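Reader: Hi! Could you walk me through this one before I set anything up?

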Amino acid sequence: MTLIPLLIMNVILLVITIILAVADRVLVTYGECKITIHQENEKKELIVDGGNTLLSYLSANNIKISSSCGGKASCGYCKIRVLKGGGPILPTEEIFMSREEKLNNMRLACQVKVREDVDIYIPDFIETVMSMVKNKTFKTNRRWRVTIE
Ligand code: FES
């Protein structure tokens, strides 16, 4: 009997969440956005239709980013540095970032929505692992997806 109001409340929240997600996908357009990527000694530019995450645009353009959760903000491996754009850090990212990383504008690529022109720096794999060991966020039981070309 006491579960019915709780169930109704959860259904209402689920419906509101779905409506907001659909509205964000269908009604909101961010237009063309430029993603400037600094990686080692290279600089690349991508022109995309905004609204999706950095991780999805980078993956679609064969730019490899460490990831093991598929963009669900649960592994913390997709760290990049946002030099310009990207908006404020989200609560879902903060648990994976040290104070130093926050000050250096490190973000999770799977959580940054492209809504404007963005400049990013992609650290190399070793740099990412070393920072995670230093911050004690490295988990040895996690699976890494690494591509060596
Ligand atoms: S891909 Fe796992 S946290 Fe971003």
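Author: Happy to; we can start with the overall layout and then go into the details.

Reader: Great. What am I looking at, and how many helices and strands are there?

Author: This is a predicted model. The protein has 5 helices and 5 strands, and along the sequence they follow the pattern α-β-β-α-β-α-α-β-β-α.

Reader: What does the C-alpha trace span along its principal axes?

Author: The span is about 60 × 40 × 30 Å.

Reader: How is the protein divided into domains?

Author: Domain 1 covers 1-29 and domain 2 covers 32-135. Their C-alpha centres lie 29 Å apart.

Reader: Tell me about helix H1. How far does it reach?

Author: H1 takes in residues 3-26, which makes 24 residues. From the first C-alpha to the last, H1 reaches 34 Å, close to the 34 Å expected at 1.5 Å a residue.

Reader: And how many of the residues in H1 are buried?

Author: The count is 0 among its 24 residues, so H1 is hardly covered.

Reader: Parallel or antiparallel for E3 and E5?

Author: Antiparallel, over 3 bridges. As a detail of E5, Asp119 in that strand has Lys84 opposite.

Reader: Nice. Now the core: which residues have the most contacts inside the largest nonpolar one?

Author: Those are Leu54, Cys78 and Ala109, in a core of 23 residues. E1, H2, strand E4 (106-108) and strand E5 (118-121) each supply at least two residues of this core. The largest share, 4 residues, comes from H2.

Reader: What is Leu54 in contact with, leaving aside its neighbours within four places in sequence?

Author: Leu54 is in contact with Ile80, Ala109, Val112, Val114, Val118 and Ile120.

Reader: Last topic, backbone angles. What is phi for Glu40?

Author: Phi of Glu40 is near 50°, a positive value in a residue other than glycine. For background, most residues other than glycine have a negative phi.

Reader: Where does Glu40 sit?

Author: Glu40 is in the loop between strand E1 (32-39) and strand E2 (42-49).

Reader: Buried or exposed, and why?

Author: Glu40 is exposed, because it has 9 other C-beta atoms within 10 Å and the cut-off for exposed is 12 or fewer.

Reader: What about Asn62, then: what is its phi?

Author: Asn62 has a positive phi of about 55° although it is not a glycine. Asn62 is found in the loop between helix H2 (54-60) and strand E3 (79-84).

Reader: And why does Asn62 count as exposed?

Author: Because Asn62 has 8 C-beta neighbours inside 10 Å, and that falls under the same cut-off of 12 or fewer.

Technical notes. Residues numbered from 1 in each chain as written. Predicted model: local features only at pLDDT ≥ 70, side-chain atom pairs only at ≥ 80, totals over all residues. Buried ≥ 20, exposed ≤ 12 C-beta atoms within 10 Å, placed from the backbone. Core = buried A, V, L, I, M, F, W, Y, C linked by C-beta atoms within 7 Å. Contact = placed C-beta atoms within 7 Å. Expected span 1.5 Å × (residues − 1). Domains from an automatic or database assignment. Pairing = 2+ DSSP bridges.
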